[in-house]
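Q: I'd like to learn how to read a structure one feature at a time. Could you walk me through this one?

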Amino acid sequence: MQFVTVQTFDDWRAAARAMLRSGVQPSAVRFSAPDGSADLFAACDAADPEAAPPTSPRSPGPPRSPGSTTSSRSPARSSEAAATTAAAAPRVPKAFLDLARTVACHRDPGRWQLLYRTLWRISHDEPFLLRISTDDDVLQLRRMEKAVTRDVHKMKAFVRFRKVTDDTGGEAFVAWHRPDHQIMRLAAPFFSRRFRGMRWTILTPHESATWDGTHLQYGDGVPASEAPEGDELEQLWKTYYGSIFNPARLKVRAMKREMPVRHWPTLPEAELIADLLSAAPGRAEAMIQHHEGFADTATKFMPADRDLPSLRQAAARCHACDLHRCATQTVFGEGPAGAQVMFVGEQPGDQEDLVGRPFVGPAGQLLDQALAQADVDRGEVYVTNVVKHFKFKPSQRGKRRLHQKPNSREIFACRPWLEAEIAEIQPQSLVCLGATPAQAIFGRDFRISRSRGKVFQTEWSPRTIATWHPAAILRMPDAGRAAQMREQLIQDLQRVAVQ
Amino acid sequence: MEIRDKLAILADAAKYDASCASSGAKTTRPGSEIGSTEGMGICHSYTPDGRCVSLLKILLTNYCIYDCQYCVNRISSDTPRARFTVDEVVTLTMDFYKRNYIEGLFLSSGIIQNSDYTMEQLIAVAKTLRTDHRYGGYIHLKTIPNASDALIQEAGLWADRLSVNIELPTEQDLVQLAPEKKKPQIVEAMGGIREKIQEHSEDRAAGFKAPRYAPAGQSTQMIVGATPTPDVEVLKTASELYGDQKLRRVYYSAYSPIPHADARLPGKSPPLVREHRLYQADWLMRFYGFAAEEIVAEADQNLSLDIDPKLAWALANRHFFPVDVNRAAREELLRIPGIGVRSVDRILSIRRYKPLRVADLKKMRVAWNRTKVFVLTADYNPGVSALDKVDLSRRVRPSSQQLMLFDAASSARSGEV
């Protein structure tokens, strides 16, 4: 029996190479960690987080003289292969070396034995052993490899730097992290690539790594008590974590599988989890119960026949939004069914609401004048509004009803009436008076100031145009500007009238 | 408003975007000081909804002029509003990134003023990060619907990934719920990005030093369950996008109840199982050679909720089985329920050296309870005799529902995590 002390992959490789060359069977060798401890890393990775690992030199331990005990783990097959001892340097596939280099970081003390046994089998009569992933040795090695690579991946994910001010007053970042395996050297190069322009140190119980902007240096491991103090920014991070969580979806098991609870102590956000979870069902239920806006639209009140008289009759009973409560009546569109030109305003005003017809108040009179000047006969056009009820609030003294702009919910609820009117009339020209109808027809990013007077082909009409609402002209305090707007309105009307 | 308050509002507003991938850009941008992209994405944290936190996923603003009914940020919602400045987003990204909280930035926005203005703001964030901070980490920009081609082109120079949300599976769904968004425009925007990506990669292949253009490609998101559209339509749309637009990923997002929900949509719990099945079906299309039409076997054109789509397909196509794992071609092996792509590759590798037995499959950790009915091995597999049984579908059905989807409610009650 041969005893070999191994701490690093290089130790193992040197020893394995020598033993393979001299035909030492896997059953005749026993690997152990230096200092007599069977497993150095397991000792420092035990439950006590304060335990610092002993730091020992990384020189290969000298092979000791063969002992008298026999390993109980001798595989039967190795005795058959014993006859074929390779005298020359063994040829080892690169795939195995890569695997071994990774598995060497695993904390399982049996890894060296397993690696040597597998190496023996590969270099004797099973050169393709690694491709048989269901072989017990290969299976175990692959699982160890996976555990290590996963641990590296988790280290890349879960290291949390804290900003500190170093001796020179400069900015540096320090993190304390507890990996499951001895992976510092597998993970550190990643951090030096990612945080090239930053000075950082990562501490683990096993080993530490420091990057000064140009060089990566390794040092001793330190216990959790050496972890840096908190960082102000963690408050923001926790705000983010709490806000990005969706309480309507809970998958706790999935979270714990990917973010194992043993890592939670070094993750500042993890302390929020319990509270987020306990509040979640209530929050989700509240979201399901709480609604905004109107459940219905005018579609619910739409008659079977879509001719104008039927629509008008049905619209008189529309309760899709709340505006019907205060308004006197529905003010539906007006004009011949065969109209070539259709005007759409925003909503009926005070007088329209009382009379029940669109554009009969001051704005309507201004529209009539403009139509006359543009040589358009009001009797031949169809006039309507996006919203069919008057929205208002009482003036301070309560004597007058002041116009209020309809909001997007009311516009959406009422819109089916407008669509039905357009479908019935199929106007050659469609004139939007003001921003509300223009945005209803062209889309919400339409700007009157930019696109007024331009003729577009839309799904609603081959000649669709937006211009000033007469009420906007009436409200304009600057007389000169009002006159100009009025001129523009007439020009725009002429533009649609000329057919 | 304090940064922290803004962050709470604008992260909350962004969480309904399912996209979280930070993978795809194979190499780090040259000249980067902070940040890298090396192909593999990293999930830096997980929230109790089981979703990973990979990117700082925020909106620049949640003010929006659109009225998409499923969206918490629609104009008609009473949700509190906030707006970040470009510099605030840049600082936040760098601060989070330097502490290794995140893999990069996912930036989207509600539409303010108009599409182009909004898009310009998003581009300014990405450009500042790249040029002023030599930031080499991941950036995913959501392109704004109806933004001009020139802006979308510029976005691709600074971002790793661009995405245009298809939002809903069919044109009719869009008309109903997102009247301002039009499918032809959405598809056109995707087409523009695809062409640009292709141009740049062809130039690079030809040896020109073309700048990077969205090296992680483009993705999209579809909301499922807000309309009655069946799964088969969802998958057909996804299949078209993978095929015609060369998308890297289509994300399915179960329509989730939102704060300030719109009364026009039904309030209900998100169909999480359905979402899960859609992802499984998506995988079958991308990696297992299934076509969209054949995956959905159920009469109502939806995926079965209680069994996975591959098992459902196998039950509906029993004549295809049993498959001999020692002889069958890769395409056939991929159709066996319970066996994944990696196991298929292992089977192909092992059987060159030795015949596979039941024990080998079990060691590979295939889902043996499902698999055993459908495979022949070198030794006797007693499970395969069930293939001709009338009650096969009952036999292979999992006895308990997917626990992981339901464990949360109890743990929320008990407080145990």
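A: Happy to! Let's begin with a pair of strands: in chain A, strand β9 (residues 341-345) runs parallel to β10(A), and 4 bridges join the two. Keep in mind that this is a predicted model.

Q: Which residue of β10(A) is the bridge partner of M342(A)?

A: The partner of M342(A) is Y382(A).

Q: In what order do the strands of the open sheet come?

A: The order is β10-β9-β13-β14 in chain A, 4 strands with parallel pairing. At the edges stand β10 (382-385) and β14 (463-467) of chain A; each has a single partner strand, so one side of each is left without a neighbour in the sheet. From one strand to the next, the twist averages 20°.

Q: Which helix packs on the sheet, and which strands are touched?

A: That is helix α15 (residues 435-442) of chain A, which touches β9, β13 (429-433) and β14 of chain A. The direction of α15 makes about 130° with that of β13(A).

Q: How should I read two helices that pack together?

A: Two numbers describe such a pair: the angle between the axes and the distance between the axes. Helix α4 (residues 94-103) and helix α5 (residues 111-123), both of chain A, have axes that come within 10 Å and cross at roughly 170°. Angles over 145 degrees count as roughly antiparallel, so α4(A) is roughly antiparallel to α5(A).

Q: Which residues make the contact between α4(A) and α5(A)?

A: From α4(A) come F96(A), A100(A) and V103(A), while α5(A) brings R111(A), L115(A), T118(A), L119(A) and I122(A). By type, the residues of this contact divide into 6 nonpolar, 1 polar and 1 charged.

Q: What is Y240(A) in contact with, leaving aside its neighbours within four places in sequence?

A: The contacts are with L7(B), A11(B), V53(B), L55(B), L56(B), K57(B), I58(B) and F96(B). Within chain A, Y240(A) and E269(A) are 29 residues apart in sequence, and their C-alpha atoms are 9.2 Å apart in space.

Q: Finally, which domains does the assignment give for chain B?

A: The assignment gives domain 1 (3-271) and domain 2 (309-396). The C-alpha centres of these two domains of chain B lie 39 Å apart.

Terms used: Residues are numbered from 1 along each chain as its sequence is written. Chains are lettered from A and ligands numbered from 1 in the order in which they are written. This is a predicted model: local features need pLDDT of at least 70, side-chain atom pairs count only at pLDDT 80 or more; totals for chains, interfaces and linings use all residues. Side-chain values use heavy atoms; hydrogens and water are left out. Domain bounds come from an automatic or database domain assignment. Two strands pair if DSSP finds at least two bridges between them. Axes are lines fitted to C-alpha atoms, for helices over the stretch in contact, and angles run from 0 to 180 degrees between N-to-C directions. Contact means heavy atoms within 4.5 Å. Angles under 35 degrees count as roughly parallel, over 145 as roughly antiparallel, 65 to 115 as roughly perpendicular and the rest as oblique. Ala, Val, Leu, Ile, Met, Phe, Trp, Tyr, Cys and Pro count as nonpolar, Asp, Glu, Lys and Arg as charged, and the others, Gly among them, as polar.
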